[in-house]
Every structure is written in structure tokens, then in C-alpha cells.
Amino acid sequence: MTHDHDRVLRPTPSQTAAALNPPPGRNGGDLVVETLAGLGATTVFGLPGQHALGMFDALRRSDLRYIGLRVENNAGFAADAYGRMTGEAAPLVLSTGPGALTSLAALQEAAAASAPVLAISSQIPTAGLGGGRHGYLHELPDQAASFRGVVKSVHTVRTQSQIPSAIAAAWKSALTAPHGPVWVEIPQDVLLAEAHLPVVTALDATPDELPPRPELTALAAHLLSTAERPAIIAGGGVVRADASGKLRRLAERLQAPVVTTFGGKGAFPWNHPLSLQSWLEDRHTTDFLEDADVLLVVGSGLGELSSNYHTFKPRGRVIQIEADLGKLESNHPGIGIHADARLALTALLETVEPRRDDTAPDRVRELLSKVSARIAAQDLTREQEILAAVRRALPAGAPSFWDMTILAYWAWSAFDAGGPNLLHSAQGAGGLGYGFPAALGAAAADPTRPVLA
């Protein structure tokens with residue numbers, strides 16, 4: 001008896017011949033580059049350093065496009081934006097020690113925003129790993145330890161044969177929900193040594209799916225269908241899962257008003273009759289959400305900003321759909337559904353009963369008028385005029401990238417992003433210097449669209 005997963009594809013005669021006669025002049029860096037190409041990567045970000053030259057020399061011999069920036073943190077921000085815009089894992093190639101560590105702030109932002117970044121760093125020679133010898137340039141006692149608290153997964157390579165599998169495992173980790181940055185480190189001597197292994201061809205690194213448990217979506221669908229005042233908070237998980245269309249259909253079926261978090265900007269149409277927009281730091285919005293008898297939170301951990309600095313105290317039932325297990329019910333008790341937002345919304349759409357509620361659009365209009373009146377009572381004309389001018393100048397469908405500035409804080413609440421995955425800032429981790437290098441990464445992802453920093 002055979003099973004499908006027992007079947008192994010036999011190589012063709014030409015594949016066998018190629019495997020027996022690999023091209024000369026390759027090193028461990030070529031195995032890295034061949035693996036990236038086999039996984040579907042087309043663009044690599046980074047900054048060279050002495051230990052990483054094996055990878056950078058191999059990049060010159062390859063068809064991959066290399067985009068270099070002048071400091072590793074900026075290369076990381078560019079890779080972050082490329083990952084957000086394409087939904088692909090963005091390779092970030094770095095050198096050992098100071099070069100690697102300089103990327104940490106960017107990787108922290110990628111982790112907070114669930115941006116898929118595949119960081120590949122060199123390491124000191126294998127003889128020095130584990131403290132065997134000391135005094136190598138760039139040496140850290142445990143380089144991977146500096147990254148474990150930041151990235152989703154850490155992968156250390158010690159031989160050339162480990163390179164393709166380690167990078168494929170990291171790629172899969174980066175693109176399994178929740179998306180995020182991952183770390184691979186390869187010793188200098190492994191990268192520089194001549195490679196006698198066959199050229200790396202296609203690899204399977206298909207991300208794991210994260211479907212919801214059906215008994216939980218059945219309960220959630222019942223609560224939402226029978227609610228008197230349902231409401232929805234849509235976070236960045238909706239954007240990362242490309243689920244804004246499903247969110248809109250669910251909101252319309254339930255007649256449930258929707259507010260988007262700052263990370264979820266554009267997940268719901270700004271001027272939709274059910275749109276509460278993004279006024280999460282306004283007490284009127286907080287009161288509205290607290291009054292919901294059933295609150296659906298999709299793709300948000302209800303952290304500091306999304307909970308109006310933890311002043312939000314929901315009185316109704318909370319249903320939270322979240323791919324990051326650590327964020328499930330971490331701030332508010334409720335029905336926690338550990339799932340990819342797209343798959344969970346699909347399940348709810350298949351099971352909820354339509355609600356009739358003619359008052360919902362009126363309640364939305366009333367809330368937005370209260371917010372407008374509060375702003376009008378303050379001297380905030382200049383801020384609003386600047387945002388309006390930016391919105392007029394920015395073409396439809398053009399992404400924008402904002403630094404941590406007063407104008408960005410205004411944009412979180414007051415700016416119409418124009419659609420999902422179009423407004424980005426460093427609000428996940430709150431680091432400085434994100435806007436310009438991130439805009440460069442987005443421009444690399446799609447040179448046909450204007451990009452605003």
C-alpha cells in the first residue's frame with residue numbers, strides 16, 4: 001500500500017546529468033542565492049560586510065536584483081515595506097555582529113506589523129561558534145540570542161548541505177500567519193567554501209494554513225446574528241490576510257459598524273455608511289464600542305493604541321479573531337478564535353444570518369458628527385488642511401509611508417488611506433526613521449506607482 005506522500009519524483013536524465021556535473025566556481029553563497037531564487041524571490045535588500053562577501057559575490061553572479069542601502073536599519077525598513085506590499089518574504093542580507101545588530105529595530109517593527117522579512121546574516125567561522133575560539137572580528141558570544149526575542153524563528157546553519165533547508169524553513173515561517181521576520185545565520189567559512197553540491201532547484205516552502213475551529217465560528221456566528229448592537233474592530237491582520245472584501249461583506253450582512261485600527265487603515269472603506277473610520281483615540285468612539293453588545297475584533301490584539309491607551313472597557317461579549325496566539329484574549333476576555341483572518345471571516349460569512357438594522361447608519365453618522373464637533377471646537381485647522389492637501393495630491397492607489405511624527409499621529413485617525421495596504425507607519429514598534437527607506441522598498445515592489453514618504 002502506498003500513500004501520496006510516499007511518492008518521490010524521480011529525476012529526469014537531464015536533471016541527473018546536471019546534478020552529477022554542477023558548474024564550477026560556486027560557493028556556499030551561491031547555495032543561498034539559488035535557494036532564494038528557487039523559493040521565488042526576485043529582489044534582495046542588504047548591506048555587504050567582510051563575513052558576508054560569499055553571499056554578495058554570489059548575488060553578482062545571479063539574476064536576483066540587489067538593492068543596497070547605506071545602513072542596515074534602513075535596509076530592514078525597505079525589506080519590511082517590500083514584504084508588506086507584495087505579501088512575499090523579503091530577503092535581507094547582512095554581515096555579522098554590528099551589521100546584524102543594526103537591523104534589530106527594523107526587525108522589531110516588522111514583527112510588530114507582521115511584515116514577512118527573511119534576514120540572512122553571516123556568522124563568525126564555525127571554529128569559533130560555541131566559544132571554541134575567541135577574538136574574531138564582529139564576534140558575539142551568542143549572536144542568535146540577540147534576535148530570539150524579536151523574530152518569529154531563528155535558524156543557524158553549520159554546513160553547506162543545511163543551507164537550502166534552513167532558508168526554506170525560515171521562508172515558510174515568515175509567511176505562515178501571522179507573518180513576520182525570521183533570522184538565518186551562516187558562518188563565513190561555510191559561505192566562502194567551494195560548493196560541490198548540485199545547483200538548488202525548486203523547493204516547497206508552502207506556508208501552513210491556520211483555519212478556525214468550526215465550533216467557535218458557529219458560536220460567534222450565532223452571537224453576531226442575534227446581537228442588538230454588533231460592532232467590528234478591524235486590525236492589521238485583515239490587511240495582511242488580504243481579507244478586506246470579506247470584512248465588508250460580513251459588516252453589510254450584519255449591519256455592523258466598523259472601526260479600523262491604525263495598523264488596519266483602509267481595511268474598510270472610509271466613506272461607507274457603516275464606517276466609523278479610525279477615531280480610536282476619541283472618547284466618543286470608545287463609548288460607542290463599549291456600548292456594543294457583541295464586539296467582533298479581527299486581526300488586532302487591542303493593544304495600547306487600539307484600546308485608547310487601555311481605557312476601553314467593553315461591556316458586551318467580545319469575539320477576537322487573531323493569528324498570533326500570544327495576543328488571543330491577552331487584553332480582554334472573550335471568545336478567542338486562533339485563526340487567519342481571511343479563513344475565519346470566510347467561515348463566518350458561510351454561517352451568519354443576515355441582520356436588519358436601519359438605525360446603524362444613523363448611529364454611525366451621529367458618532368462622526370460628535371467627533372467633528374469636538375475637533376471643530378479646537379484650533380486644529382492647520383493640521384486638517386495639511387492632511388487634506390496630502391490626500392488631494394496623492395493619486396488613488398498610491399501607498400504612503402509615515403515617520404513617527406505629529407502629522408502621522410493625525411493621519412492614523414484622520415486620513416483616508418484610500419484602500420487596504422496603502423498607509424503604513426512605524427506605529428507597530430514606534431521606531432524612528434521608517435518613512436523614507438520604507439517608501440524606497442515599496443517603490444522597488446511596484447515601480448509603476450508613485451509612493452509618498
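Residues are called buried when their relative accessible area is under 20%, exposed when it is over 50%, and partly exposed in between, with a 1.4 Å probe and protein chains only. By this criterion Phe56, at 8% relative accessibility, counts as buried. The model is predicted, so that local features need pLDDT of at least 70 and side-chain atom pairs count only at pLDDT 80 or more, whereas totals for chains, interfaces and linings use all residues. Residues are numbered from 1 along each chain as its sequence is written, and side-chain values use heavy atoms, with hydrogens and water left out.

Aromatic pairs were assigned to rings of Phe, Tyr and Trp (its six-membered ring) with centres within 6.5 Å; planes under 30 degrees apart count as stacked, over 60 as edge-to-face and the rest as tilted. The structure holds 8 such pairs. In one of them, the ring centres of Phe56 and Tyr66 are 5.4 Å apart and the planes lie at 85°, so the pair is edge-to-face. Helices (H or I, at least four residues) and strands (E, at least two) are DSSP runs numbered from the N terminus. In these terms Phe56 belongs to helix 3 (residues 53-60) and Tyr66 to strand 2 (residues 65-68), and the pair links parts of the chain 10 residues apart. Tyr66 is partly exposed, with a relative accessible area of 32%.

The pair of Trp402 and Phe415 is also edge-to-face, because its ring centres are 5.3 Å apart and its planes are at 65°. Trp402 is in strand 13 (residues 400-402), while Phe415 is in the loop between helix 17 (406-414) and strand 14 (423-425), 13 residues apart. Both Trp402 and Phe415 are buried. A further group, an aromatic cluster, is formed by Phe77, Phe401 and Tyr434.

A nonpolar core is defined as a set of buried Ala, Val, Leu, Ile, Met, Phe, Trp, Tyr and Cys residues joined through side-chain atoms within 4.5 Å. The largest core has 45 residues, and those with the most contacts inside it are Leu289, Phe401, Trp402 and Phe415. Helix 15 (residues 360-376) supplies the largest share of this core, 5 residues. A second, separate core of 36 residues includes Leu247, Ala256, Val294 and Ile337. In soluble globular proteins, nonpolar side chains tend to be buried together. Contact means heavy atoms within 4.5 Å. Leaving aside neighbours within four places in sequence, the contacts of Phe401 include Ala81, Met85, Tyr434, Ala438 and Ala442.

Helix packing was described with axes fitted as lines to C-alpha atoms over the stretch in contact, and with angles from 0 to 180 degrees between N-to-C directions. Angles under 35 degrees count as roughly parallel, over 145 as roughly antiparallel, 65 to 115 as roughly perpendicular and the rest as oblique. The axes of helix 4 (residues 72-86) and helix 18 (residues 435-445) come within 7 Å and cross at roughly 45°. Helix 4 and helix 18 are therefore oblique to each other. On the helix 4 side the contact is made by Asn74, Phe77, Ala78, Ala81, Tyr82, Met85 and Thr86, and on the helix 18 side by Pro437, Ala438, Gly441, Ala442, Ala444 and Ala445.

Helix 12 (244-254) and helix 14 (residues 341-351) pack with axes 9 Å apart at an angle of about 30°. These two helices, helix 12 and helix 14, are therefore roughly parallel. Lys246, Leu247, Arg249, Leu250 and Arg253 of helix 12 meet Arg342, Leu345, Thr346, Leu348 and Leu349 of helix 14.

Several backbone features fall in loops. The peptide bond from Ala177 to Pro178 is cis, with omega near -5°, and Pro178 lies between helix 8 (163-175) and strand 6 (182-187). Ser114 has a positive phi, near 55°, in a residue other than glycine. Ser114 is in the loop between helix 6 (104-113) and strand 4 (117-123), and counts as buried at 15% relative accessibility. Asp242, likewise not a glycine, has a positive phi of about 55°. Asp242 is exposed, with a relative accessible area of 57%. Gly235, in the loop between strand 7 (230-234) and helix 11, counts as buried at 0% relative accessibility. Not counting residues up to four places away in sequence, Gly235 touches Thr261, Gly264, Val298, Gly299 and Ser300.
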